[in-house]
Amino acid sequence: MSYGFYPKFVEYPGSCSLSEVTFSQSTHDILQSILRAGANRIMILNTGISTIRPLENMLGELNKHKQIILFTVYSGSNFTNAVNEIEQQAVGWHADEIETSI
């Protein structure tokens, strides 16, 4: 998707963010269309942080048959282990060494 739920960046000139409800509903509608077209499995590669909760919540309702797999780059033990291994900065996040190393 070209747009997502990124409320922390709305103050940056040129940044766009959907509301959480619009993001969740749009993603839901897109997934429903793909499933109706006959897809057996779908994987979502989530590269956002503020999008984690809305996607998990939306999939909890939609994903009754485990056809949709959500892979979130910024969560889980693999992410935590990688951060602990390579992070050198004392403070940071947006556009820092971790985010730009995906």
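Contact is taken here to mean heavy atoms within 4.5 Å. The structure described is a predicted model. Its protein chain contains 3 helices and 2 strands, and from the N terminus on these elements follow the order α-β-α-β-α. Taken along the principal axes, the C-alpha atoms of the chain fill a box of roughly 45 × 35 × 20 Å. Of the 102 residues, 26% count as buried. Among contacts between residues at least 6 apart in sequence, 55% join residues at least 24 apart.

Two packed helices are described by the angle between their axes and the distance between the axes. In the present model, helix α1 comprises residues 20-36 and helix α2 residues 52-62; their axes come within 10 Å and cross at roughly 45 degrees. The arrangement of α1 relative to α2 is therefore oblique, and the crossing in which α1 passes α2 is right-handed. On the α1 side, the contact is formed by Glu20, Phe23, Ser24, Thr27, His28, Leu31 and Gln32, which meet Arg53, Pro54, Leu55, Met58, Leu59 and Leu62 of α2. By residue class, this contact of α1 with α2 divides into 7 nonpolar, 4 polar and 2 charged residues.

The buried residues of α2 are Ile52, Pro54, Leu55, Met58, Leu59 and Leu62. Viewed down the helix axis, the buried residues of α2 fall within an arc of 165 degrees, so they line one face of the helix. An α-helix has 3.6 residues a turn, so residues three or four places apart point the same way. The face of α2 turned away from the buried side carries Gly60 and Glu61, both of which are exposed. Packing of the buried residues of α2 involves helix α1 as well as the strands β1 (42-46) and β2 (68-72).

Within helix α1, Thr27 has a relative accessibility of 6% and therefore counts as buried. Thr27 is one of the α1 residues that meet α2. When neighbours within four places in sequence are left aside, the residues in contact with Thr27 are Met1, Leu55 and Met58.

Thr51 lies in the loop between β1 and α2. Because its relative accessibility is 1%, Thr51 counts as buried. With residues up to four places away in sequence not counted, Thr51 touches Phe5, Tyr6, Phe23 and Asn46. Among these, Phe23 is also one of the α1 residues that meet α2, whereas Asn46 falls in β1 (42-46).

Gln67 is placed in the loop between α2 and β2. Its relative accessibility of 27% means that Gln67 counts as partly exposed. Not counting residues up to four places away in sequence, Gln67 touches Leu35, Asn40, Arg41 and Ile42. The C-alpha atoms of Gln67 and Lys8 are separated by 31 Å, the two residues being 59 residues apart along the chain.

Technical notes. Residues are numbered from 1 along each chain as its sequence is written. This is a predicted model: local features need pLDDT of at least 70, side-chain atom pairs count only at pLDDT 80 or more; totals for chains, interfaces and linings use all residues. Side-chain values use heavy atoms; hydrogens and water are left out. Axes are lines fitted to C-alpha atoms, for helices over the stretch in contact, and angles run from 0 to 180 degrees between N-to-C directions. Helices (H or I, at least four residues) and strands (E, at least two) are DSSP runs, numbered from the N terminus. Angles under 35 degrees count as roughly parallel, over 145 as roughly antiparallel, 65 to 115 as roughly perpendicular and the rest as oblique. A crossing is left-handed if the near helix is turned anticlockwise from the far one by less than a right angle, and right-handed if clockwise. Ala, Val, Leu, Ile, Met, Phe, Trp, Tyr, Cys and Pro count as nonpolar, Asp, Glu, Lys and Arg as charged, and the others, Gly among them, as polar. Buried means under 20% relative accessible area, exposed over 50%, partly exposed in between (1.4 Å probe, protein chains only). The arc is that of the directions from the helix axis to the C-beta atoms.
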